[in-house]
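Thanks for making the time this morning.

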Amino acid sequence: MELSVYSGELKPEWDGMVSRSKNATFLLHRDYMEYHSDRFRDCSLVFTSHDGEVRGLLPANISGDTLVSHGGLTYGGLVMDDKTSGIDPIGMFDVMRRDLPRMGIRRSVYKPVPWIYHRHPAEEDLYALFRNGARLVVRNLATVVDLGSPIPSSRLWKRAAKRRRQGCIDVVEVDSPAEFWEIIVEDRRVRHNAVPVHTYEEMARLKAMFPDKIRCMAAYGPCGDVLAGAVIYADRGVLHLQYAAATSAGKGLYATDVIYHDVVSGRFPGARFFDFGTSNEDGGRYLNAGMVAHKEEFGGRSVVYDTYELEF
């Protein structure tokens, strides 16, 4: 196994491996990874066999003496395909131990792709982490609805369905987040004194590049006013709630709940899971119980998003 650092001429090989992989999503395509290239010093790794065949990828950036996989993404562990055997990631970690210290890298932060995104079983990297003495440092709890075998709905689900039946709120897929982006910005400002991870310009550009993967849902009131909006990432049979927010009037009408009901009720045929995202702070040590309870009322249960540290 040989290791090289990604450079632009390898983009076709990189994207080809991501597309055929058993565990990567569109977030690991170079066009998505590089939307914030000004904020992260890329140091993605490409693993090849001695005959030059790409055997694995590690999307990553450098922060000081640390290789982070990946600081600008929710996850970014080894990208593997159907040829990857149980022993292959052990070899990849061996070659990292050999080569990365020569580059001044002493430590790695590693965020594996959660299993719900796997096309086929793909936890060979977790075994390799164990073999290398990696330490679990973050465990966040995401709430995920199994769309193929949903847990019976609650009163909240029934309330959302009722409002939709009565015609108070209409959920429509729109071409752009423009109609509701300011709602999301204001919600982040008021509730968290923060801004969205993406700017509107970034999200619009990503939507244009990945129109089938980034889906925008808007909830309209009876007078045609926008009450709420949501950005949903759709890939590998998983619907991930990236953003959602409502106006003051929309909150009174539970407009985001109506969007969730719409999505969970079959808006996206063939989807296996709806991932509400995590409900943690402080590296997973604080769990927002109220937020989890709200998500669970739609039939969601827990999947972990982990982060490991490894010394070289």
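Let me start with helix H3, residues 88-99, and helix H4, residues 124-131, whose axes come within 8 Å and cross at roughly 50 degrees. Please keep in mind throughout that this is a predicted model. The crossing in which H3 passes H4 is right-handed.

Which residues of the two helices meet there? From H3 we have Pro-89, Ile-90 and Phe-93, and on the H4 side they meet Glu-124, Asp-125, Tyr-127, Ala-128, Leu-129 and Arg-131.

Now to the sheets. Eleven strands form an open sheet with mixed pairing, and if you trace across the sheet the order reads E2-E5-E6-E7-E16-E8-E13-E12-E11-E10-E9. Strand E2, at 41-42, and strand E9, at 170-174, each have a single partner strand, and therefore one side of each is left without a neighbour in the sheet. Within that order, strand E8, residues 135-146, pairs with strand E13, residues 273-278, in the antiparallel sense over four bridges. If you want a place to look on the screen, find Asp-146, which stands opposite Phe-273 in E13.

There is also an open sheet of three strands, in the order E1-E3-E4, and here the pairing is antiparallel. Strand E1, at 2-5, and strand E4, at 54-58, are its edge strands, each pairing on one side only. From one strand to the next the twist averages 25 degrees. E1 and strand E3, residues 45-48, run antiparallel and are joined by four bridges, and you can find Ser-4 opposite Val-46 in E3. Helix H1, residues 11-20, lies across E3 and E4, and its direction is at about 90 degrees to E4.

Finally, let me step back to the whole chain. Its secondary structure comes to ten helices and 16 strands. Along its principal axes, the C-alpha trace spans about 65 × 35 × 35 Å. How does the radius of gyration of the protein chain stand against that of a compact globule? For 312 residues a compact globule would have a value near 20 Å, and the protein chain has 20 Å, so the two agree.

Key: Residues are numbered from 1 along each chain as its sequence is written. This is a predicted model: local features need pLDDT of at least 70, side-chain atom pairs count only at pLDDT 80 or more; totals for chains, interfaces and linings use all residues. Side-chain values use heavy atoms; hydrogens and water are left out. Two strands pair if DSSP finds at least two bridges between them. Axes are lines fitted to C-alpha atoms, for helices over the stretch in contact, and angles run from 0 to 180 degrees between N-to-C directions. A crossing is left-handed if the near helix is turned anticlockwise from the far one by less than a right angle, and right-handed if clockwise. Contact means heavy atoms within 4.5 Å. The radius of gyration is taken over C-alpha atoms; the globule rule is 2.2 Å times the number of residues to the power 0.38.
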